[in-house]
Amino acid sequence: MKGVLFNVVQEVVEETYGEDTWDDLLDDAGLEGAYTALGDYPDHELVALVAAASLRTGLGPDAVLRTVGRLALPRLLDRLPPTVPLADEPMAFVRSVNDIIHPEVLKLYPASHPPVFDCKDDGDGLMVRYRSTRRLPDLAHGLLEAVDDHFEQSVSVERIADDDEANAVFLVRVGEA
Ligand code: HEM
């Protein structure tokens with residue numbers, strides 16, 4: 001996983017719980033933690049940090065990842081160059097993750113492997129199928145939930161199916177709590 005993701009997780013933890021908490025999590029997980037944005041680090045380091053946070057907070061690892069995702073979106077968006085055109089409404093934004101944002105990420109962070117989000121209109125909203133070998137649907141869930149904060153508009157994200165442990169389908173609707 002690209003270091004930039006670890007950098008964003010670190011920012012989220014430090015700003016929400018204080019700098020010491022990040023150091024405590026690194027200690028608990030037995031990690032050094034000198035992540036550089038362009039570096040590549042084993043996925044199991046993220047899993048270990050989430051497990052450490054889960055033990056300290058009593059939240060399940062799924063809830064930890066979802067919370068991190070929710071808080072991470074504005075920080076990830078800050079890392080995109082200002083030339084990247086960002087959608088101005090929630091549904092177009094969700095579609096753009098696969099069509100614009102992650103393709104830009106591939107240019108910025110060579111050899112990265114962002115997940116795939118297949119989007120399909122469903123009479124009721126947008127069906128978003130997450131596919132990745134990384135098994136982080138909870139992170140995806142939190143990031144999608146953050147679209148609500150980003151647009152200050154009510155957006156609901158319901159996880160409607162799990163193909164298997166790794167993949168998931170979300171139904172995203174605007175205008176519902
Ligand atoms: C709602 C918006 C977004 C969603 C739902 C989303 C989802 C995800 C998820 C779930 C992952 C974890 C890897 C995986 O599951 O395979 C990921 C990876 C990543 N995303 Fe996004 N993302 C979003 C926006 C962004 C933005 C704005 C950036 C801008 C920098 C970004 C950059 C990255 C990078 C660098 C990775 C790591 C890829 C790698 O290490 O190979 N994402 N994204």
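The lining of the largest cavity draws at least three residues from each of domain 1 (3–76) and domain 2 (90–174), with domain bounds taken from an automatic or database domain assignment. The model is predicted: local features need pLDDT of at least 70, side-chain atom pairs count only at pLDDT 80 or more, and totals for chains, interfaces and linings use all residues. Residues are numbered from 1 along each chain as its sequence is written, and side-chain values use heavy atoms, with hydrogens and water left out.

A cavity is a set of points, on a 1 Å grid over the protein atoms alone, where a 1.4 Å probe fits but cannot get out; lining residues have an atom within 4 Å of a point. Grid points are joined across faces, edges and corners, and a volume is the space filled by probe spheres set on the points. One cavity of 30 Å³ or more is counted, and the volume of the largest cavity is about 700 Å³. Its lining comprises 35 residues, and Leu 5, Leu 76, His 102, Pro 115 and Leu 143 lie nearest the centre. By class, 27 are nonpolar, four polar and four charged (Ala, Val, Leu, Ile, Met, Phe, Trp, Tyr, Cys and Pro count as nonpolar, Asp, Glu, Lys and Arg as charged, and the others, Gly among them, as polar). Helix 5 gives the largest share of this lining, six residues. Helices (H or I, at least four residues) and strands (E, at least two) are DSSP runs, numbered from the N terminus.

His 102 is located in helix 5 (residues 90–108). Its NE2 atom, at 2.1 Å, is the only protein donor of the iron atom of the ligand. Donors are N, O and S atoms within 2.8 Å of the metal (3.2 Å for Na, K and Ca); water is not among the atoms, so sites may look incomplete.

The largest pocket has a volume of about 280 Å³, a pocket being an open set with protein on both sides within 12 Å along at least five of seven lines. Among its 18 lining residues, Val 13, Tyr 17, Leu 25, Ala 53 and Val 64 lie nearest the centre. Helix 1, helix 2 (19–29), helix 3 (43–57) and helix 4 each supply at least two residues of the pocket lining.

Four strands form an open antiparallel sheet in the order 1-2-4-3, where two strands pair if DSSP finds at least two bridges between them. Strand 1 (116–122) and strand 3 (155–161) are the edge strands. Strand 2 (residues 125–131) and strand 4 (residues 168–174) are joined by five bridges, and Met 127 has Leu 171 of strand 4 as its bridge partner.
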